[in-house]
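Me: I've got a new structure open and I'd like to learn how to read it. Could you walk me through it step by step?

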Amino acid sequence: MTSPDLPAELRAALDGKLRGFSRNDAAGRAASISKTYRDGGGSGTIRSETDALAYALARMPATYAAVTASLNALVEIRPDFAPNSLLDIGAGPSTATWAAAEAFPSLQKFGLLDANVTLRALALDLVSDSFRLRDISYERGEARATLTKAGTADLVVASYMIGEIGDAEQRALAELMWAKTRDTLLVVEPGTPAGYARIIALRERLIALGAHVAAPCPHDGRCPLQTPDWCHFTQRLQRSRAHKQVKGVELPFEDERFAYVALTRAAVAQRPSRVLAQPAVSKIEVTAKLCTTDGLASRKVPRRAKADYASARRWRWGDAVN
C-alpha cells in the first residue's frame, strides 16, 4: 500500500519553494483561507504565490493522505487495475495527481483541470523537476466548462472540490465526470456530514446511470446508515516542522477525516465488508461495526475462536474484511 506521507520528490519541491518564506505570514494566510472554506467558500481567496504556498503547507499533506487512503482501498479491491491515463478535476496544486502517480506506476498521461491560476502555477512549479509529471497537461477554467472539452481517462479523480459548487452544478458535474470515465471514478470529500451527503447524492445518481461501487461499499444498494450517523474514515499522517508552524500546533501528527466513493464501469466480482468505526477490543471479544452486502452488522468475535480473534484484533477503521 502507498504511504500516506508526501513522497520525497514532492517534499523536496515544496522545501525549495519555502526558502525565505515567512512561516508566521503563512500561518495567518492559511487560517484565513481555511475559514473561507469552512464558511462555504472556495479557492477564490488564493490569489498570490504566498497564498498558494500557505494553502499547500496547511492542506496538501492531509489531502494527499486522504486521497492515498482512498486509492489504497481501491487497489485492495481491484489489484489488477492498471490505468494508463488520469484526469484530475479541481486539481489545485496537483495533490491528487501526485497521489495517483504513487499508487499506479502504470499511469503515463496526466490531465489536470482547475479554475485557479495561482494554484495552477504552483502545481506546474512542483512538477517541473519530476521525470514522470513534468509533462502534465493542466487546463485552466471552471470545472464543467473545461471538463466538457476534455478527453476521457481510465481514472478520473475529484478530490475536495464538489463542495465548492452549487447543488444543481454538482448534479451536472457528476454526470459529466462519469461520461469522461473510461473505467473508474474516485470522488473524495471532507469526512463531515455535509461531505458524506455529497458523496451519497453523487453515488446514487451515478448508480442509476449504470455505475458500480468498488469501495468503500460492499454493495450498490442504498446506504444503510441513518442520521445522525454518516460514513467516513480517518487517515493519520505525520506533520513536518513547517506544517506544525503553519497550523499553529505542537502535535507531530494529524488525523484527516474523509468520505469517498470509487465507482467502476464493470461490476466488481467480490466486495468484502467494510469496518465503519474503530473496533472495540477486550480480553473477551472484538466488537466491530461493519457494512456488509446485507447492510449494517455488529460483528462479535469471541476470544475462544483463536484464529478469528487474532485476525479481528488487527482490524482498523476503514479496513475491508471477510
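Predicted model: local features only at pLDDT ≥ 70, side-chain atom pairs only at ≥ 80, totals over all residues.

Me: OK, so which residues of helix H5 are buried?

Reply: In H5, which spans residues 117-127, the buried ones are Thr118, Leu119, Leu122, Ala123, Leu126 and Val127. Around the axis they cover an arc of only 165°, so they sit on the same side of H5.

Me: And what covers those buried residues of H5?

Reply: The cover includes H1, H3, helix H4 (95-103) and strand S3 (137-140).

Me: H1 came up there. Which of its residues are buried?

Reply: Helix H1 runs over residues 8-18, and its buried residues are Leu10, Leu14 and Leu18. Looking down the axis of H1, you'd find them within an arc of 75°, so they line one face of the helix. After H1 comes Gly20, which has a positive phi, near 80°.

Me: Now for pairs of helices. How do I describe two that pack together?

Reply: You give the angle between their axes and the distance between the axes. Take H1 and H3: their axes come within 11 Å and cross at roughly 140°.

Me: What does that angle make H1 and H3 to each other?

Reply: Angles over 145 degrees would count as roughly antiparallel. H1 and H3 are therefore oblique to each other, and their crossing is left-handed. On the H1 side the contact is made by Leu10, Leu14, Lys17 and Leu18, and on the H3 side by Glu49, Leu53, Ala56, Leu57 and Met60.

Me: Let me try H7 and H8. At what angle do their axes cross?

Reply: Roughly 55°, with the axes of helix H7 (residues 167-179) and helix H8 (residues 193-208) coming within 10 Å. H7 and H8 are therefore oblique to each other, and this crossing is right-handed. H7 brings Gln170, Arg171, Ala174, Glu175, Met177 and Trp178 to the contact, while H8 brings Arg198, Leu202, Arg205 and Leu206.

Me: What about the nonpolar core? Which members touch the most others?

Reply: A nonpolar core joins buried residues such as Leu, Val and Phe through side-chain atoms within 4.5 Å. The largest one here has 67 residues, and Leu71, Phe104, Phe110, Leu155, Val188, Phe258 and Tyr260 touch the most other members. Helix H3 (residues 49-77) gives the most to this core, with 16 residues. Another core lies apart from it, with 27 residues, including Leu113, Ala174, Leu176 and Leu206.

Me: One last test for me. Is Ser273 buried or exposed?

Reply: Ser273 has a relative accessible area of 14%, so it is buried. You'll find Ser273 in strand S9 (residues 273-275). Again leaving out neighbours within four places in sequence, Ser273 is in contact with Pro218, Leu290, Cys291, Thr292, Asp319, Ala320 and Val321.

Key:
Residues numbered from 1 in each chain as written. Heavy atoms only, no water. Buried < 20%, exposed > 50% of the residue type's maximum accessible area, 1.4 Å probe, protein only. Helix = DSSP H or I, 4+ residues; strand = E, 2+ residues; numbered from the N terminus. Arc of directions from axis to C-beta. Axes fitted to C-alpha atoms, helices over the stretch in contact; angles between N-to-C directions. Parallel < 35°, antiparallel > 145°, perpendicular 65-115°, else oblique. Left-handed = near helix turned anticlockwise from the far one by under 90°. Contact = heavy atoms within 4.5 Å.
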